[in-house]
Amino acid sequence: ISFYPTANVPYVMVEDVVVAREQRKQGIGKVMLDWVMEQAQRLGCARAFLESGLRNHSAHEFFEREGFRTCSVVMMRSLRDGAGP
């Protein structure tokens, strides 16, 4: 998690929310994400961003339930073998 409270429009970047497969659907991810959003608001952040893999549909559904919407496309170019998606 990275907070950028001094940016022109203050924001937080959620880089990873990981819950063990056998513990999913128990509200753990929501508790973690709620904590991050509370901290971001306390720091004056106005926006929250995250990145999720193209095929991680269950994560997309979770984040959408939590109010996130697609706002951009992230692109990557592999510079060595085995570094691609």
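On a 1 Å grid over the protein atoms alone, a pocket is an open set of points where a 1.4 Å probe fits, with protein on both sides within 12 Å along at least five of seven lines, and its lining residues have an atom within 4 Å of a point. Pockets come up again further down, after a look at the chain itself. The model is predicted, so local features need pLDDT of at least 70 and side-chain atom pairs count only at pLDDT 80 or more, while totals for chains, interfaces and linings use all residues. Residues are numbered from 1 along each chain as its sequence is written, and side-chain values use heavy atoms, with hydrogens and water left out.

The protein chain has 2 helices and 3 strands, where helices (H or I, at least four residues) and strands (E, at least two) are DSSP runs numbered from the N terminus. Read along the sequence, they come in the pattern β-β-α-β-α. The C-alpha trace spans about 40 × 35 × 20 Å along its principal axes. Of the 85 residues, 16% count as buried; buried means under 20% relative accessible area, exposed over 50%, and partly exposed in between (1.4 Å probe, protein chains only). As for contacts (heavy atoms within 4.5 Å), 49% of those between residues at least 6 apart in sequence join residues at least 24 apart.

Next comes the core. In soluble globular proteins, nonpolar side chains tend to be buried together. A nonpolar core is a set of buried Ala, Val, Leu, Ile, Met, Phe, Trp, Tyr and Cys residues joined through side-chain atoms within 4.5 Å. The largest one here has 10 residues, among them Val 12, Leu 33, Cys 45 and Phe 62. With neighbours within four places in sequence set aside, Cys 45 touches Phe 3, Pro 10, Tyr 11, Val 12 and Ala 40.

Tyr 11 also turns up among the aromatic rings. Rings of Phe, Tyr and Trp (its six-membered ring) pair if their centres lie within 6.5 Å; planes under 30 degrees apart count as stacked, over 60 as edge-to-face and the rest as tilted. There are 4 such pairs in the structure. Tyr 4 and Tyr 11 are stacked, because their ring centres are 4.6 Å apart and their planes sit at 20 degrees. Tyr 11 and Phe 49 make an edge-to-face pair, with centres 5.6 Å apart and planes at 85 degrees. Since Tyr 11 lies in strand 2 and Phe 49 in strand 3 (residues 47-50), this pair ties together parts that are 38 residues apart in sequence. Tyr 4 is partly exposed at 35% relative accessibility, as are Tyr 11 at 23% and Phe 49 at 27%.

Leu 50, Glu 51, Ser 52, Ser 72 and Val 74 are the closest to its centre of the 32 lining residues. Strand 3 gives the largest share of that lining, 4 residues.

The second largest pocket holds about 630 Å³. Its lining has 26 residues, with Val 17, Val 19, Arg 24, Ala 59 and Phe 62 nearest the centre. Helix 2 supplies the largest share of this lining, 6 residues.

Technical notes. Grid points are joined across faces, edges and corners, and a volume is the space filled by probe spheres set on the points.
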